[in-house]
Amino acid sequence: MNAGLMRKVKTGLVAHPNELDRKRIERSLSSRTRYLYVSPKVTPVKGGYLVESPCCSRNIDKDGALIDVALILYDGVSGIWKVFCKNHAQGIWEFYSLYHRLTSAIDELNADPEHLFWQ
């Protein structure tokens, strides 16, 4: 067989989600600028992490229940982090931005300059 056609496919552990990065995200969210008095929850999902938080403003849920804040997904092929915000009115995730580093994605989530995440 032609050696140029043969290739090895790496098998093993999936990079994300993992417990180390989940805790790192959770810890980093304490430096956000809005809704500092709630404790967000970071849950592993296929390919990344779901950030949820109690709805303090009561804008989304009048009872203050846990709402979706952000979806952070890792693209293993490109090595890029994709961040999504929740459109609660339509009940869908909307693409927000791309990041080369997880810390950059978390920094943007913490700053939330457009008030799209922490509602």
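**Reading strands and helices**

Analyst: Start with Ser-53, which lies in strand β2 (residues 48–54). Helices (H or I, at least four residues) and strands (E, at least two) are DSSP runs, numbered from the N terminus. The model is predicted, so local features need pLDDT of at least 70 and side-chain atom pairs count only at pLDDT 80 or more, while totals for chains, interfaces and linings use all residues. Residues are numbered from 1 along each chain as its sequence is written, and side-chain values use heavy atoms, with hydrogens and water left out.

User: Is Ser-53 buried or exposed?

Analyst: Buried means under 20% relative accessible area, exposed over 50%, and partly exposed in between (1.4 Å probe, protein chains only). Ser-53 has 2% relative accessibility and therefore counts as buried. Six of the seven residues of β2 are buried, so the strand is largely enclosed by the rest of the structure.

User: Which residues is Ser-53 in contact with, leaving aside neighbours within four places in sequence?

Analyst: Contact means heavy atoms within 4.5 Å. With those neighbours left aside, Ser-53 touches Val-38, Pro-40, Ala-65, Leu-66, Ile-67, Val-69 and Trp-118.

User: How many bridges join β1 to β2?

Analyst: Two strands pair if DSSP finds at least two bridges between them. Strand β1 (residues 41–45) and β2 run antiparallel and are joined by five bridges; Thr-43 has Leu-50 of β2 as its bridge partner. These two strands form a hairpin with two residues between them, and Gly-47 in the turn has a positive phi of about 85°. β2 also pairs with strand β3 (residues 66–75), in the antiparallel sense over seven bridges. There, Pro-54 has Leu-66 of β3 as its bridge partner.

User: At what angle do the axes of α1 and α2 cross?

Analyst: Axes are lines fitted to C-alpha atoms, for helices over the stretch in contact, and angles run from 0 to 180 degrees between N-to-C directions. Helix α1 (residues 19–28) and helix α2 (residues 102–111) have axes that come within 10 Å and cross at roughly 30°. Angles under 35 degrees count as roughly parallel, over 145 as roughly antiparallel, 65 to 115 as roughly perpendicular and the rest as oblique. α1 and α2 are therefore roughly parallel to each other. On the α1 side the contact is made by Asp-21, Arg-24, Ile-25 and Ser-28, and on the α2 side by Leu-102, Thr-103, Ile-106 and Asn-110.

User: Is Asp-107 buried or exposed?

Analyst: Asp-107, in helix α2, is exposed, with a relative accessible area of 52%.
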